[in-house]
Amino acid sequence: MSYLTLSLALIFVVIPLVLSKVLKLELEKDTIIASIRSIIQLLIVGYLLQYVFNAENPIYILLMVLLMIAAATQNARRKGRSIQGITWKLILTFVIVEVLTQGILLGLSITPATPQYIIPISGMIIGNSMVLSILFLNRFTSEVEDHEDETELILSLGGTPKQAIHRQLIASIKASTIPTIESQKTIGLVQLPGMMSGQIIAGADPVQAVQFQLLILFLLLTTAVVTSILLGYLSYPTLFNERMQLEKSRMNE
């Protein structure tokens, strides 16, 4: 695809802009900003990856992964501002998920230890983990606020913080992982995954593309569950003070 051909694809940006203007949705500014940012960011990443792939230096791979984790943390932490120490909790979660999944992939020689595999797959892992973190934090804070009286009742009857928050925690973990599980039920029937479609367009054997896509799907399933569980069990203790009381002011921020 040439830059000229790519420029013609801007029609898919013009269409929502026109509809937004006609229907007075007031989405023009956000659409333009999002489009410009995506163009700039992806072009920069493209040239950067070209350099990293050619260099094949482990330090550059590590720096790219750390950059992904930093960006994901910055984006996800906004949903968990009411949770003390949410920044380091997110960083720890992303690091553990990345090390666990890449450790299995590389340790069992499922994928080669090259930048062309490590960086894109790490992007999928960390990106999915970020989305799951946002879903979990959004649901968890709402659950805690909505069931505040129930939590305090259990505490007043001698229950531990873990017992008091258990239902909200489990409900939040399940709610955040459901989209990933449900999307996998209809994969191939309702939609063809992006990576698989990209490989087929690039000329890869469809069966090989399916096999690699299945690897990614199973990988993201583990990422979803591990992310929600880790973040949940790291977060809930900080909602209580040393007297095992729910910190109301912190949850209402």
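## Overall layout

Read along the sequence, this protein runs α-α-α-α-α-α-α-α-α-α-α. That comes to eleven helices and zero strands. The model is a predicted one.

The C-alpha atoms fill a box of roughly 65 × 55 × 35 Å along the principal axes. The protein has 253 residues, and 32% of them are buried. Among contacts with a separation of 6 or more, 71% join residues 24 or more positions apart.

Helix H2 covers residues 11–23. Its 13 residues, at 1.5 Å a residue, should span 18 Å.

Lys-24 follows H2. This residue lies in the loop between H2 and helix H3 (28–55). Phi of Lys-24 is positive, near 55 degrees, and the residue is not a glycine. Most residues other than glycine have a negative phi. Lys-24 is exposed, because its relative accessible area is 71% and exposed means over 50%.

## Helices H4 and H5

Helix H4 spans residues 58–76, and its axis comes within 9 Å of the axis of H5. The two axes cross at roughly 140 degrees. That angle makes H4 oblique to H5. The crossing is right-handed.

From H4, the contact uses Val-65, Ile-69, Ala-72, Thr-73 and Ala-76. From H5 come Thr-87, Leu-90, Ile-91, Phe-94, Val-95 and Glu-98. By type, the residues of this contact are eight nonpolar, two polar and one charged.

## Helices H5 and H6

Helix H5 holds residues 86–107, and helix H6 holds residues 115–146. They pack at an angle of about 140 degrees, with their axes 10 Å apart. H5 is therefore oblique to H6. H5 passes H6 in a right-handed crossing.

On the H5 side, the contact residues are Ile-86, Leu-90, Phe-94, Val-97, Glu-98, Thr-101, Gln-102, Leu-105 and Leu-106. They meet Ile-118, Ile-121, Ser-122, Ile-125, Ile-126, Ser-129, Met-130, Ser-133 and Leu-137 of H6. The contact of H5 with H6 divides into twelve nonpolar residues, five polar and one charged.

## The loop between H5 and H6

Ser-109 sits in the loop between H5 and H6. Its phi is positive, about 55 degrees, although Ser-109 is not a glycine. Is Ser-109 buried or exposed? Ser-109 is exposed, since its relative accessible area is 60% and the cut-off for exposed is over 50%.

## Helices H4 and H6

H4 also packs against H6, at an angle of about 15 degrees and with the axes 10 Å apart. Angles under 35 degrees count as roughly parallel, so H4 is roughly parallel to H6. H4 passes H6 in a right-handed crossing.

The H4 residues here are Ile-61, Met-64, Val-65, Met-68, Ile-69, Ala-72, Asn-75 and Ala-76. Their partners in H6 are Pro-115, Ile-118, Ile-119, Ser-122, Gly-123, Ile-126, Met-130, Ser-133, Ile-134 and Leu-137. The contact of H4 with H6 has 14 nonpolar residues, four polar and no charged.

Definitions and conventions: Residues are numbered from 1 along each chain as its sequence is written. This is a predicted model: local features need pLDDT of at least 70, side-chain atom pairs count only at pLDDT 80 or more; totals for chains, interfaces and linings use all residues. Side-chain values use heavy atoms; hydrogens and water are left out. Axes are lines fitted to C-alpha atoms, for helices over the stretch in contact, and angles run from 0 to 180 degrees between N-to-C directions. Helices (H or I, at least four residues) and strands (E, at least two) are DSSP runs, numbered from the N terminus. Angles under 35 degrees count as roughly parallel, over 145 as roughly antiparallel, 65 to 115 as roughly perpendicular and the rest as oblique. A crossing is left-handed if the near helix is turned anticlockwise from the far one by less than a right angle, and right-handed if clockwise. Contact means heavy atoms within 4.5 Å. Ala, Val, Leu, Ile, Met, Phe, Trp, Tyr, Cys and Pro count as nonpolar, Asp, Glu, Lys and Arg as charged, and the others, Gly among them, as polar. The expected span of a helix is 1.5 Å times one less than its number of residues. Buried means under 20% relative accessible area, exposed over 50%, partly exposed in between (1.4 Å probe, protein chains only).
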